[in-house]
Amino acid sequence: MSFLYTTFTRRRALTVAATAVTVALAAAGCGDGGSAPALPGKPGDEKVAQSVFDAAPVASDAEIPAGSTMDMIRKRGYLNVGGSLDAPLLSQQNPVTGEIEGFDADMAKLLAKYIIGKPEVKTVTIGTQTREAMLQAKSVDAVFQTYTITTQRATQVAFAGPYLTSGLAVAVRKDETGIKSVTDLAGKTVIVGANTPAVTALPTAAPGSKQVAFATDPQAVQALLQKRGDAYVQDFTLLASGAQANPGMKVVGEPFTTEAYGIGLNREDAQFKEFVNNWLRKIQADGTWAKVWEGTLGSVVEGGAPTPPAIGSVEGS
């Protein structure tokens, strides 16, 4: 079962912590793939080791036909990516080194390494309303931005993957040992964001639980740390970002809803999509994907890396 196999609630406003890379930040609904104001954090504390990039695969000359998109990128010398600079644990610019770090950013570097032989990436900050247009105009080669795969979007762009899945998850205080998953919340007092997917999902997932709603993610996190509830349910990535900034909380178990993210590509370039999907299969099989997850999102989650999502397993991919 995929790590975040269950659904990054559509919070996408990604308005809250850039990492709300999923549910809409504090309340909006992630799959939209935008980016949000960065949470206070320490970029660089969690990062993928250089050895992972050094050992990452490189495509053979036979896999890069003359005149193909891959050939163009190799000759250019860098991968042009549409993404974010303010999404903690996903794609955030380190204010000290200037490096862009996180799961999405590192996946882009690995694709660049596969094509070019080195992880050279140029990141163009991109908004949720312009992704399709930029891909259609070939202003970017690919979009790595928690881009939720939908059948509607698939009529305008191609999605490689999914390469990551997410959804509603559970956060508790660091010293909590009795809550391991959403099923342990039955009869408990649970903190939720007002008008978020958690409000409607909890009654079924945790029968008998009592909800305490807060208007913003920071308020909800503070309430958890102040013991005003037993747990906080929100989008996985938003919780992961919160855990990075607040050592007193942790994320437990796997998400219990599902939202699948794809790598956005130009819809008319079937050859490039097949190439990217083959690359994803390689880094999943050789353990590279798991190492990137452990060094980024997994750095604030209990347990090992999840099984990556099956390529082509979501309608629209």
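Gly193 stands opposite Phe214 of strand S10, in a predicted model whose local features need pLDDT of at least 70, with side-chain atom pairs counted only at pLDDT 80 or more and totals for chains, interfaces and linings using all residues. Residues are numbered from 1 along each chain as its sequence is written, and side-chain values use heavy atoms, with hydrogens and water left out.

Strand S9 (residues 189-193) runs parallel to S10. Strands here are DSSP runs of E with at least two residues, and helices are runs of H or I with at least four, numbered from the N terminus. Two strands pair if DSSP finds at least two bridges between them.

| Strand pair | Bridges | Direction |
|---|---|---|
| S9 and S10 | 5 bridges | parallel |
| S8 and S11 | 4 bridges | antiparallel |
| S9 and S11 | 3 bridges | parallel |

Within S11, Asp235 is the bridge partner of Leu168, and Val233 is that of Val192. The open sheet has 5 strands in the order S10-S9-S11-S8-S12, with mixed pairing. Strand S10 (210-214) and strand S12 (249-252) each have a single partner strand, so one side of each is left without a neighbour in the sheet. From one strand to the next, the twist averages 35°.

Helix H5 (residues 198-205) packs on this sheet and touches S8 (168-173), S9, S10 and S11 (231-235), its direction making about 155° with that of S9. Contact means heavy atoms within 4.5 Å. Angles run from 0 to 180 degrees between N-to-C directions, and axes are lines fitted to C-alpha atoms, for helices over the stretch in contact. Helix H6 (residues 217-225) lies across S8, S9, S10, S11 and S12, at about 155° to S11. Of the 5 residues of S11, 5 are buried, so this strand is largely enclosed by the rest of the structure; buried means under 20% relative accessible area (1.4 Å probe, protein chains only).

Helix H9 (residues 288-295) also has buried residues, namely Thr288, Trp289, Val292, Trp293 and Gly295. These pack against helices H1 (50-55), H3 (103-116), H7 (236-245) and H8 (270-285) and against strand S7 (157-166). The axes of H3 and H9 come within 9 Å and cross at roughly 150°. That makes H3 roughly antiparallel to H9, a description applied to angles over 145 degrees. Phe103, Asp106, Met107 and Leu110 of H3 meet Thr288, Trp289, Val292 and Trp293 of H9.

Terms used: Buried < 20%, exposed > 50% of the residue type's maximum accessible area, 1.4 Å probe, protein only. Parallel < 35°, antiparallel > 145°, perpendicular 65-115°, else oblique.
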